Amino acid sequence: MDTIEPTRIRQKIMDLAILATLAEDLRAQGKRVVHAHGVFDLLHVGHIRHLRDAKRLGDVLIVTITEDVHVNKGPNRPAFTESLRAEALASLADVDYVAINRAPTAVEAIRALRPAIYVKGPDYKRPDADITGMIGVEEAAVVEVGGRIETTDDITFSSSNLINTFLPSYGAEVEDYLRELRGRWSSRALCDELQKLAQLRVVVVGEAILDEYVYVDPLGKSSKDPVLAVRYDRAETHAGGALAVANHLASFCKSVELVTYLGATEGNEKFIRSNLRPGVRPNFIYKSDSPTIVKRRYLVETLNTKLFEVYHINDTPLVADEEAAMCSLLEARLDGADAVVVADFGHGLMGPRAKELIARSGVFTAVNTQINAANIRFHAISSYERADYVCINEGELRLDARDREAPLDSLVAGLGTKLRCDRFLVTRGKRGVDYYCPQARVSAPSLATDVVDRIGAGDAVLAITSASVAAGLAPDAVAFVANVVGAQKVRTVGNS
């Protein structure tokens, strides 16, 4: 294709709404409008030939691209911003107009432009091979506006493969790991593995926590006291703790029962119910003389720096009748469950009676005992007598063993004997994860490249790996899923 002058390039890039009006005028003139859509992250010869063939199908070729926020192709993607991708496409003589599609799918653009022909590349000839699952939806939208879908037939390349090969996002260690993993797993095979989670009935038990983020602007030291003064900006609240674990599982599993306590005072029940996914069925007991736990963090948004935290909490154990009610609920929900995920934050919910009930239930049991500022002196995983799977941070493991030097293998072996457990995932921050199971020990390097906030990452990893282990996923798949979930989670603030 020939290229064109910079002024003309800028003129070809339009807002989609304006372009929709122009397309209507073109149809009135008897012109046949052809529409192509994609990410076009790295413009290559396959794209050029595809667009050349598309132009030959009609009179005017309009190309829409997915905006940056909706590009779902992995970390650090797109490699090129939407404005640069639009400019690259507008530089091609066969492309008449370009627009950035602000919606997550092409359907909205199809309905706006009403093309006579909607064009896809040769890799979409077999709908069953479409990993996006959208080709059928897009075709229905084209038919709805009176058009038809066509596919071009020429050389095929993958922008993702080219970017991963020549513009890698990671260092040599991670690239070697991913290369070796790709030799054993295709993306479709991994997705098929995750489908095993869909039939699981899971019980989540643990403390409900509301994570509140208060954004402030620092003003400086008070004039009369040694106090940092700040100006309030805004606040937001997220459903955290066991609420977050249940929400994550509801995205994958058939059903999720949540057993937790709310405060009898300042319960925030309406907010919590409205922030649970539809697949989560809550079972609440109400703790007397207590609020629902709120962990309020004050931070400077521009620096993404936390100043301090305030806990609204009564972390004394449940009284006898509350414990009896909780155990009764838990026992009923465990009947017929495939797995129970214990998210124990050490704030008074999980007493000896509840731990014993879970141990003798015979249900697949996954446990995490998270250390935090309120429990670091006494909270430990070894307070449980049995588990089938333990998800634990290396620091939590070493604290439990009171040993900061011993090899992980020996610490895991010792804890495994105590808990009669043979499956452990040890999360190690920037050093990735180690997964121990009877078949193997699998180490996987961290995939995180953009750490915004670590709050909630452990909950997400606990949730998805617990279900993965319960469903029988292969060890290397469990380790990979753990790293993907963790890397994705740390890119967002809390459980937003």
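Tutor: Four strands form an open sheet in the order β8-β7-β11-β12, with mixed pairing. The model is predicted: local features need pLDDT of at least 70, side-chain atom pairs count only at pLDDT 80 or more, and totals for chains, interfaces and linings use all residues. Residues are numbered from 1 along each chain as its sequence is written, and side-chain values use heavy atoms, without hydrogens and water.

Student: Why do β8 and β12 stand at the edges?

Tutor: β8 (228-241) and β12 (305-312) each have a single partner strand, so one side of each lacks a neighbour in the sheet. A strand is a DSSP run of E, at least two residues, and a helix is a run of H or I, at least four; both are numbered from the N terminus.

Student: How do you know that β7 and β8 pair?

Tutor: Pairing needs at least two bridges found by DSSP between two strands. β7 (residues 208-221) and β8 have 13, in the antiparallel sense.

Student: Why is aspartate 289 called exposed?

Tutor: Exposed means over 50% relative accessible area, buried under 20%, partly exposed in between (1.4 Å probe, protein chains only). Aspartate 289 has 69%, so it counts as exposed. Aspartate 289 sits in the loop between β10 (280-287) and β11 (293-300).

Student: What makes the phi of aspartate 289 worth a remark?

Tutor: Phi is positive, about 55°, although aspartate 289 is not a glycine.

Student: Why is arginine 420 called exposed?

Tutor: Its relative accessible area is 55%, so arginine 420 is exposed. Arginine 420 lies in the loop between α15 (408-419) and β16 (424-427).
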